[in-house]
Amino acid sequence: MAQKTGNMFINAFEGLAYFFRNERNGRIQSVIAIFTMALAAFLHIGSMEWIIVLICTGSVLSLEMLNSVLEKLCDLLHPGFDARIKIIKDMAAGAVLWASIISAAIGTIIFLPKILNYL
């Protein structure tokens with residue numbers, strides 16, 4: 001049975017709310033995202049730089065959400081320790097880490113020259 005479009009949006013927003021309320025890493029990542037946006041606004045970055053910052057921020061937060069989902073699913077399917085589940089969880093966490101490292105490098109390229117000019 002098809003789900004109403006309005007319900008899909010409500011469910012999606014409920015998922016977002018749950019993530020930011022209940023997932024520690026979600027709250028940490030959202031604080032970093034808010035700080036990044038505030039810094040970008042303060043430094044008056046250009047349109048293309050805003051696009052890049054938004055893509056990086058969205059990618060990291062989205063991957064963090066998927067990582068949380070995958071961890072919960074793995075815990076549900078196999079509550080005890082399993083070396084295979086550990087590898088799955090580690091790889092998902094690695095995806096978040098990799099996106100965070102690349103985003104930090106991009107942020108440095110965008111923000112450092114503007115910060116140095118500001119000083």
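User: How do you know that the span of H2 agrees with its length?
Analyst: H2 has 19 residues and, at 1.5 Å a residue, should span 27 Å; its end C-alpha atoms are 27 Å apart, so the two agree. The expected span is 1.5 Å times one less than the number of residues, and a helix here is a DSSP run of H or I with at least four residues. By the way, this is a predicted model, where local features need pLDDT of at least 70 and side-chain atom pairs count only at pLDDT 80 or more, while totals for chains, interfaces and linings use all residues. Residues are numbered from 1 along each chain, and side-chain values use heavy atoms, leaving out hydrogens and water.

User: Why are H2 and H4 called roughly parallel?
Analyst: Their packing angle is about 25°, with the axes 11 Å apart. Angles under 35 degrees count as roughly parallel, so H2 and H4 get that label. The crossing is left-handed, too.

User: What makes up the contact of H2 with H4?
Analyst: Gln29, Thr36, Leu39, Ala40 and Phe42 in H2 meet Val96, Ser100, Phe111, Ile115 and Tyr118 in H4, contact being heavy atoms within 4.5 Å. By class, that's 7 nonpolar, 3 polar and no charged residues.

User: Which residues of H2 are called buried?
Analyst: Gly26, Gln29, Ser30, Ala33, Thr36, Leu39 and Ala40; buried means under 20% relative accessible area with a 1.4 Å probe, protein chains only.

User: And what does H3 reach from its first C-alpha to its last?
Analyst: H3 (residues 47–77) reaches 44 Å, close to the 45 Å expected for its 31 residues.

Note on methods: Helix = DSSP H or I, 4+ residues; strand = E, 2+ residues; numbered from the N terminus. Axes fitted to C-alpha atoms, helices over the stretch in contact; angles between N-to-C directions. Parallel < 35°, antiparallel > 145°, perpendicular 65-115°, else oblique. Left-handed = near helix turned anticlockwise from the far one by under 90°. Nonpolar A, V, L, I, M, F, W, Y, C, P; charged D, E, K, R; others polar. Buried < 20%, exposed > 50% of the residue type's maximum accessible area, 1.4 Å probe, protein only.
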